[in-house]
Amino acid sequence: MSESAALAAAVQAGRWAAAACQVVRSASGLEDGPAALDKADKSPVTVADFAAQALVCRALAEAFPDDPVVGEEDAAALRTTADWQGEKAGFVEQVTHAVNAALAQFKLPTATTAEILDWIDRGGADGAVGENGGRFWTVDPIDGTKGFLRGGQYAVAIALIENGIPTVGVLACPNLPVQSDGHNGDGADGGTGALFSAEKDGGATVRSLEPGSTPTSIHTSATADAAAARLCESVESAHTAHGAAAEIAAKLNLTADPLRLDSQAKYAEVARGGADIYLRLPTRPGYVERIWDHAAGVVVIEAAGGRVTDVDGQPLDFTHGRGLEKNRGVIATNGPLHDAVRAATGAVLNASN
Ligand SMILES: Nc1ncnc2c1ncn2[C@@H]1O[C@H](COP(=O)(O)O)[C@@H](OP(=O)(O)O)[C@H]1O
Ligand SMILES: [Mg+2]
Ligand SMILES: [Mg+2]
Ligand SMILES: [Mg+2]
């Protein structure tokens, strides 16, 4: 099946953004890592998050100038940097450098800092129902920023949402091998990285991040035997309840240790059969999952034969703006295991309430 214009634009956006992330990683010292700021919620944002959002928004604007974009980041902090000193001095210049280094790799003209900040702020839409005929993009320029900082997994995640349904998804994973190796939490293997993509009702594919690479089809595993299943979850214990996942695994007689990786690389691994179950279990009441942390992963995994619901068995509801306001946690599986995993999850979470 040939790629739609929307998928082609998202693939290009993912390639540009991944290139900027790789520029930042290779330019930063191994000990210090890339420069990062703390956001209002104390979570980190790096030079590469901003550079990647700028490039994704530029690519989407070129192909679809009228489409709103709901991006995780905004440039407000970068517009007030005149008196930044110490480790923050030069932060904005580093963003500009990363964007222009990536553009140069693709033989595109360089941009000014003012243009780059405006591209970042194209991601300021709120995903409100009813705007632009119900069509908007959502972008996580680096999903798994903590993984990126640790040299672990991270993903540039891009999805098109139409009338509340994610219809196109791209996950560019610079530290994930093109072939699953069963221990992908380790980070860069010296390979080129992998780009996963899918369209709703089309197939899902993986290709290398190398220029001109060819996509190959991927599919979830066929296993219906929970005891033989591999479970993946976040590295960060603040993002998912590791203890409850261990209880669910025990209930399912699962024997293998969980595969811990950052970012939507977890959706990608289940989508290609490298794992069978992804659990994201609420850690504290009131946390609302963000749409950009899931939309692209949902398209890829469903097109590969998998299933996604929240921990209550409800479909993820993308019609409430920037948050999955009506959902709690996420269960993603290969498909055949879904009902059993959902039942075990319900039993464990209800027992602890
Ligand atoms: N308390 C919480 N529960 C669940 N997810 C959280 C969380 N706090 C932050 N996150 C989200 O977890 C994402 C990373 O997921 P993972 O642990 O699977 O790598 C972060 O994305 P960013 O890294 O894009 O900010 C952030 O949006
Ligand atoms: Mg973040
Ligand atoms: Mg994220
Ligand atoms: Mg992010």
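Two strands count as paired if DSSP finds at least two bridges between them. Hold on to that, everyone, and let's look at the structure above. Helices (H or I, at least four residues) and strands (E, at least two) are DSSP runs, numbered from the N terminus. By that rule, strand 10 and strand 12 pair, joined by two bridges, and they run parallel.

A quick word on the model. This is a predicted model, in which local features need pLDDT of at least 70 and side-chain atom pairs count only at pLDDT 80 or more, while totals for chains, interfaces and linings use all residues. Residues are numbered from 1 along each chain as its sequence is written, and chains are lettered from A and ligands numbered from 1 in the order in which they are written.

Strand 10, residues 231-233, runs parallel to strand 11 and is joined to strand 11 by two bridges. There you can find E233 opposite R260. On the strand 12 side, L231 stands opposite I277. Strand 12 also pairs with strand 14 (residues 330-333), this time antiparallel, over four bridges. One of the pairs to look for is Y278 with its bridge partner A332 in strand 14.

Which way do the residues of strand 12 point? I277 and L279 go one way, Y278 and R280 go the other way, and all are buried. Buried here means that 20 or more other C-beta atoms, placed from the backbone, lie within 10 Å of the residue's own; exposed means 12 or fewer, and partly exposed is in between.

Please find A275 next, in the loop between helix 7 (265-271) and strand 12. Why does A275 count as buried? Because A275 has 30 C-beta neighbours inside 10 Å. Leaving out residues up to four places away in sequence, A275 touches R230, L231, C232, L259, E269 and V270. Contact means C-beta atoms, placed from the backbone, within 7 Å. T333 is 58 residues from A275 along the chain, and their C-alpha atoms are separated by 8.7 Å.

Let's step back to the domains. The protein is divided into domain 1 (5-218) and domain 2 (226-352), with bounds from an automatic or database domain assignment. Their centres, taken over C-alpha atoms, are 23 Å apart. Domain 1 puts 43 residues into the contact and domain 2 puts in 31 residues.

Where does ligand 1 lie? Both domains give residues to its shell, so ligand 1 lies between them. Of the 18 residues around ligand 1, the nearest are G144, T145, S234, H239 and D262; near means a C-beta atom, placed from the backbone, within 6 Å. Strand 4 (135-143) and helix 5 (145-150) are the elements giving two or more residues to that shell, and strand 4 gives the most, with three residues.

Technical notes
Contact = placed C-beta atoms within 7 Å.
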